[in-house]
Amino acid sequence: MDIKTAERFMEKLVKAGMEYGFEECEASFAQNGSMSIDILKGEVSSYENSATSTLSFRGLKNGQMGYCSTNILDDSSIDFLLKSAMENCEVMNDKDPQFIYCDENNKDLYFSQITDAYAKNTYKSFSELGLKLEKAILALDSRIDAVDNLSIACSRGPFLIINSKGLHSYRDTDGMSIYAGARATDSDGSVKTGGHYWIGNDIDSFDMDKFLARFKEILIGKMGAKSCKSGQYKTVIKSEAFQQFFMAFFSNFLATPMQRGLSLLADREGEVIASDIFTVREEPMYDKALTKIPFDDEGVLTTDKAIIDKGVFATALYDLRSAYKAGKKSTGNGFRGGSSVSEGPTNLIVEPGNKSFDELCQEAGEGIILTDLSGLHAGLNAISGDFSLLCEGYLIENGKQGRPVEQITVAGNFYEVLKAIEAVGNDIINLPSGEGEFFTPSVLVSSLAISGDDEE
Amino acid sequence: MFNDSDVQRILEQAMSTTADFAEVFQEVTESKSVGLLNGEVIRASTGFDSGTGIRLLAGTNSVYVYSSDNDIEVLLKLAKEAAAAIKGNEKGKIEALKELCSTTKATVQIDPMTVAKSDMVDFLRKSSDFALNYDPLITQVAGGLASTCRTARVINTRGVNTEDTTRRIRLSVETIATKDNEKQSGRVAPGTMRGYEFINEYPIIDKTKEACDTAIRMVNAGYAPSAKMPVILCNGFGGVIFHEACGHALEATAVGIKASYFNDKLGEQIASSVVSARDNARIDGEWGSYATDDEGNTSSDLLLIENGILKNYLVDELGARRMNCKPTGCARRQDYSYAPTSRMSNTYICKGESDPKDIIAATEYGLYCTNMGGGSVDTSTGDFNFAVNEAYMIRNGKIAEPVRGATLIGKGQEILKNIDMVGNDLELAAGMCGSVSGGVPVTVGQPTIRVSSILVGGRES
């Protein structure tokens, strides 16, 4: 379905919604087109191509917001959407007011960032690159048995919102990613696996040599890995692992969980919550980010802000509803998750320090480097901040990266880790996160509990 | 759903080049859910989605195209693109379509889709009202009730023509206890393929009380120790350890590309002789059941391990081609936006002979895990982890103080061999499993078992 047809349907739906008895209402339309290939054993083993779309409706009645969604856009859907949304309004008794919004000065919002380079994403270009990459990975080291996962994917899509207050908001984006995961056999017969990714929006900007060098470091670096003794270790959390770790607890920085008693950061804006060398900023239009976000999904313009400023919790992220409850202004962080709206981050940046990764290890002296954390969906308590996670990495011996370690867990508390950051590196990487990306370097933490095999 | 002539046109278009097999998967899913927080209804939603996936195979080369637009012209265009991308040697045949076979794997008295949301809210409110008045330490209670009805039609070039309908209900109650700056939660989350009568009969007050008690005990508990020790995993959701440490490594997704530590192990001893295990998709009304899989095959009750000996892998069509065997009726996908692959259904360690009390009494020192969280596994290396939500130390054969914050880690292939006692109290529990074909409802299960040695990753030395 083309966007113009969707737009006409949405205008009709919003008009019908007002006639149906909603005080205000809004329709949103998300479309996604994607293409991907998988490479296995010298062949394109799989090719996928898709076009999907979802239409969501929400209507306000007696202070309650009812939601409904479908992907069928015809007249019969209008009745279904309005009736279901009204039924949902009627069962709700949410005490907090909800909003359908339009800024009088910014009624028509438009931001397109689909690049010309997207046209280069073809079956041919992906398969040629994929086959070349698989071959190059296998040639990195004789111990690499197979590249079990090699996937190249791209997607793009528009997102349109129309509401009864006059908002007409259009945003679109595109992107591509490359992931490769391989398996190698160690000298003792044990199997090691490792993977690496790349994200971008121009296939020609993919630097294969750089990718391969890091890939080798990740996988071959694990050869000879074994457990280590339990104890408290000075810990360097490598950038990739720190990104996963920080984001696993990020809901604590959102206003709604705070207001619902699900975050220990509630009412603590202005307090010291982290080491004074730790700053996290949100920059929706960050120049190095692939996706730029000038306005959120409620029609509010986004702004730059510090979330943690030199250790001080500067601000939570608010949408219209949580901001109203807190007596503040929305920070432009209301984004759609499924059909409903809640707070989410755009581009996050951990302010880099001036030490390289090697210098962080040198500062640690003796300790451990964590490169991979597993089980983040289960092995932590997002509210209390407690975690116990399977991890991999290296020992730090005499200020240098030493032998690889595996089959260990790291345990501690998120809030204690924030305060225990002793140094921040300058080895920034970026990973997709929330609506945008998260840019972070590695950090050095004064002490974390490692459980391992005491016989090692 | 499509008529037969439309499907025939799609199959013909898909087979116009060098595919040896083509399949059309069409799905319609209705969903409704309500969510309460501290007695307030903060969420009520309804959804209706449909879409179509077209898969082509030529040997082990696969092409998958899908769309949420069910317009025949759109799908014919996608089928044409797919046909252009498939890499086979010769044009395959299309067999005559068999008569439609409609199935469902549950006895449903009250269709959950017909239940008014106000009734769903009233049910959850009982839980909220109880929890908020139970103990001053309980500061939050969240409840959710979600129903789906999914009809999936599969038609392929071998004449397969099936339509399977599954209705599922998932209830969740999460309570949070707060003490000083500490918050801990307790949770119950049953799921069923039975009708809404399951909810009407569910002992919601007793179960909410259990969740409250867990949260209160855990907010008062100290941290778990860090050490290798014997671990007893209680029945029910403890089965997630088998799901992670063994189940995923038996799926053709891993075995078919030799990326599993159980490659070429059929007929070999892979577990201790007290362990037998099944993957049974045919249990009436169970959360992970289905009558027909997402490739149109009849579901099965598969013996995976018998007295420690590996008997079967879980194999889908593509896996069967790679492994030179037959599919076992275990192909599943979250929805039409995923190609199907081998997945678990209701997977459990079978009932053993030990009395659970004797298992505890026979353990001088160890960890007794009564409530487990989720986990994950690397099927190539065997590295697995899973989280423990509620646990107790065992001292001198007796259950001692509660502890929290532990994760169990190990190598799947080693853990199975270290199971030295299996109880007689088999129980199943609902969960969601995420893998290459998306999130699917699964049941895990086991009787109480003891693992003689496992690394407990806690915070206390």
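In which sense, left-handed or right-handed, does H1(A) cross H2(A)? In this predicted model, H1(A) passes H2(A) in a right-handed crossing. Two packed helices are described by the angle between their axes and the distance between the axes. Here the axes of H1(A) and H2(A) come within 10 Å, crossing at roughly 45 degrees. Because angles from 65 to 115 degrees count as roughly perpendicular and those under 35 as roughly parallel, H1(A) and H2(A) are oblique to each other. On the H1(A) side, the meeting residues are Leu13(A), Ala16(A), Gly17(A) and Tyr20(A), and their counterparts in H2(A) are Ile78(A), Leu81(A), Leu82(A) and Met86(A).

Helix H2 of chain A covers residues 75–91, 17 residues in all, and spans 25 Å from its first C-alpha to its last, close to the expected 24 Å. Its buried residues are Leu81(A), Leu82(A), Ser84(A), Ala85(A), Asn88(A) and Cys89(A). In chain A, these buried residues pack against helix H1 (3–20) and strands E2 (43–61) and E3 (64–70); in chain B, they pack against strand E2 (40–58) and helix H3 (117–132).

Turning to the nonpolar cores, the largest has 199 residues, and those with the most contacts inside it include Ala215(B), Leu367(B), Cys369(B) and Val456(B). Strand E18 of chain B (residues 383–395) gives this core its largest share, seven residues. Apart from this core lies another of 50 residues, among them Ile218(A), Val7(B), Ile86(B) and Ile155(B). Leaving aside residues up to four places away in sequence, Cys369(B) touches Val231(B), Ile232(B), Leu233(B), Cys234(B), Gly238(B), Val388(B) and Ala391(B).

Terms used
Residues are numbered from 1 along each chain as its sequence is written. Chains are lettered from A and ligands numbered from 1 in the order in which they are written. This is a predicted model: local features need pLDDT of at least 70, side-chain atom pairs count only at pLDDT 80 or more; totals for chains, interfaces and linings use all residues. A nonpolar core is a set of buried Ala, Val, Leu, Ile, Met, Phe, Trp, Tyr and Cys residues joined through C-beta atoms within 7 Å. A residue is buried if 20 or more other C-beta atoms lie within 10 Å of its own, exposed if 12 or fewer, and partly exposed in between; C-beta atoms are placed from the backbone. Helices (H or I, at least four residues) and strands (E, at least two) are DSSP runs, numbered from the N terminus. Two residues are in contact if their C-beta atoms, placed from the backbone, lie within 7 Å. The expected span of a helix is 1.5 Å times one less than its number of residues. Axes are lines fitted to C-alpha atoms, for helices over the stretch in contact, and angles run from 0 to 180 degrees between N-to-C directions. Angles under 35 degrees count as roughly parallel, over 145 as roughly antiparallel, 65 to 115 as roughly perpendicular and the rest as oblique. A crossing is left-handed if the near helix is turned anticlockwise from the far one by less than a right angle, and right-handed if clockwise.
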